[in-house]
Amino acid sequence: MILCNTTVATVTPEGGYGLLDNAAIVLDGERIAWAGPLDQLPAEHADAPRTDLGGRLTTPAPIDCHTHIVHGGNRAREFEMRLQGASYEEVARAGGGIVSTVSATREASVEALAEGALPRVDALLAEGVSHIEIKSGYGLGRDTELAMLRAARQVADRRPVRVSTTFLGAHAVPADHKGRADAYIDEVCIPALRAAHAEGLVDAVDGFCEGIAFTPEQIERVFKVAAELGLPVKLHAEQLSWLGGTRLAARYGALSVDHIEYANEADARAMAAAGSVAVLLPGAFYTLHETQKPPVAALRAHGVPIALATDCNPGSSPLTSLLLTMNMGCTLFGLTPEEALAGVTRNAARALGLDDAGFIAPGARADLAVWDVAYPSELAYRIGFNPLNRRIFGGRA
């Protein structure tokens, strides 16, 4: 099949749009066979069936590379508390925050967790999303962490979307281990990770390195097991304070370091040397009324790839729109629209360790989004508007 009469944003490795006017994309099953100006179409493709896209813009399908989209319950009450002046840390120390979702998640079956996630997944798919990362971290026990990961795998079975699963057992200290974080890591988190890996449920390992969660030393014990099991790592770091988690993650060659509002230039240098992606999460910044912005200038100066994601979760970022995330990344963090598009395509793919998605070129997956816009900056410009014309997943509309 040939998609023609379209402007194509290939999204170049340098982060530019890579625009091709009056272009064509040749699809061969799940892959892209060729992409370029229509008047340069190779002869061997000349007789393939054509689909006229009416001059619309085609981009790589968006990728949401950081979500907690599988969970039980919601935290609307905490939203009210924060509006009344309570900080995220104050809510957490009062028994709210992450641990408040744990009981609802523990009470839900695998099927209920998957079913509850689907409306949130559908909202992302409606914006063309082709790949979603889903973390565990609300079970905080062996069986419930595995249940979350099994539910995440079910999402990919029940919807036309690829899913990457991330073990986040080191997300918070549950009530039954209050004041015993080291014991939780050794007695619950690491055994759960080993069990999840044995069942084939884990694509990467994450942790929450923060004053209200775990120290770098505690996270490193988890990372050592991940390395033993051959699993890549990621890390929530420097969101609310600076603990040095970014440099720990870099030492372990992390796929990404996420949030990083309190990271500094030395952290950016470490990420650049490690090849780690900076995943910025403006939804949490917005929801928590934060003021400390991630060091975008330092990331640029040191060539750190910048990705954007929804951080969809029931507490600090109940966000299910990557388009709004792009706008927030520009408006709140000062990204350019080019950086925002790369942030939800090429760099988001890199944050998940994917080498076949997030760009348009021969050999890439035919995961595409066709938009009713004339120029890519419109995707980040509008607020609350979805111009998706069609979603192509694995070569199928």
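Residues are numbered from 1 along each chain as its sequence is written, and side-chain values use heavy atoms, with hydrogens and water left out. As the model is predicted, local features need pLDDT of at least 70 and side-chain atom pairs count only at pLDDT 80 or more, whereas totals for chains, interfaces and linings use all residues.

Side chains of opposite charge can pair when their charged atoms come close. A salt bridge is taken here as a side-chain nitrogen of Lys or Arg within 4 Å of a carboxyl oxygen of Asp or Glu. By this rule the model contains 18 salt bridges. One of them joins R106 to D176, with the closest N and O atoms 3.7 Å apart. R106 lies in helix α3 (residues 98–107) and D176 in the loop between β8 (162–170) and α6 (181–198), so this pair ties together parts that are 70 residues apart in sequence. Helices (H or I, at least four residues) and strands (E, at least two) are DSSP runs, numbered from the N terminus. Exposure is stated as relative accessible area: buried means under 20%, exposed over 50%, and partly exposed in between (1.4 Å probe, protein chains only). On this scale R106 is partly exposed at 36%, and D176 is likewise partly exposed at 46%.

A salt bridge is also found between R142 and D143, where the closest N and O atoms are 2.8 Å apart. R142 is partly exposed, with a relative accessible area of 44%, while D143 counts as exposed at 54%. The side chains of D267 and R247 form a further salt bridge, at 2.7 Å from N to O. This pair links distant parts of the chain, with D267 in helix α9 (residues 265–274) and R247 in helix α8 (residues 245–251), 20 residues apart. D267 is buried, with a relative accessible area of 0%, whereas R247 is partly exposed at 30%.

UniProt positions are given in the numbering used here, feature names are shortened, and annotations may be inferred rather than shown by experiment. One "binding site" annotation, from an unreviewed entry, covers Y138, N313 and G315. These residues are spread over 178 residues of sequence but cluster in space, the largest C-alpha distance being 11.5 Å. Of this set, Y138 and N313 belong to the lining of the largest cavity. On a 1 Å grid over the protein atoms alone, a cavity is a set of points where a 1.4 Å probe fits but cannot get out, and lining residues have an atom within 4 Å of a point. Y138 is placed in the loop between β7 (131–135) and α5 (142–158) and is buried, with a relative accessible area of 2%. G315 is in the loop between β13 (306–308) and α12, and it too counts as buried, at 2% relative accessibility.

For "binding site", UniProt (unreviewed entry) also lists R75, Y138, H171, Q239 and S316. The lining of the largest cavity takes in R75, Y138, H171, Q239 and S316 from this set. R75 lies in the loop between β6 (63–64) and α1 (76–83) and is buried, with a relative accessible area of 5%. Contact is defined as heavy atoms within 4.5 Å. Not counting residues up to four places away in sequence, R75 touches Y88, G97, I98, S100, T101, Y138, P314, G315 and S316. With neighbours within four places in sequence left aside, G315 is in contact with R75, R82 and T287.

Two further residues were examined for their surroundings. N327 is found in helix α12 (residues 322–333) and is buried, with a relative accessible area of 10%. Apart from its neighbours within four places in sequence, N327 is in contact with A380, Y381, R382 and I383. R150 lies in helix α5 and counts as partly exposed at 31% relative accessibility. Its contacts, not counting residues up to four places away in sequence, are with V110, E199 and L201. R150 and E199 are 49 residues apart in sequence, and their C-alpha atoms are 9.5 Å apart in space.

Note on methods. 1 Å grid on protein atoms, 1.4 Å probe; cavity = no way out; pocket = protein on both sides within 12 Å on 5 of 7 lines; lining within 4 Å.
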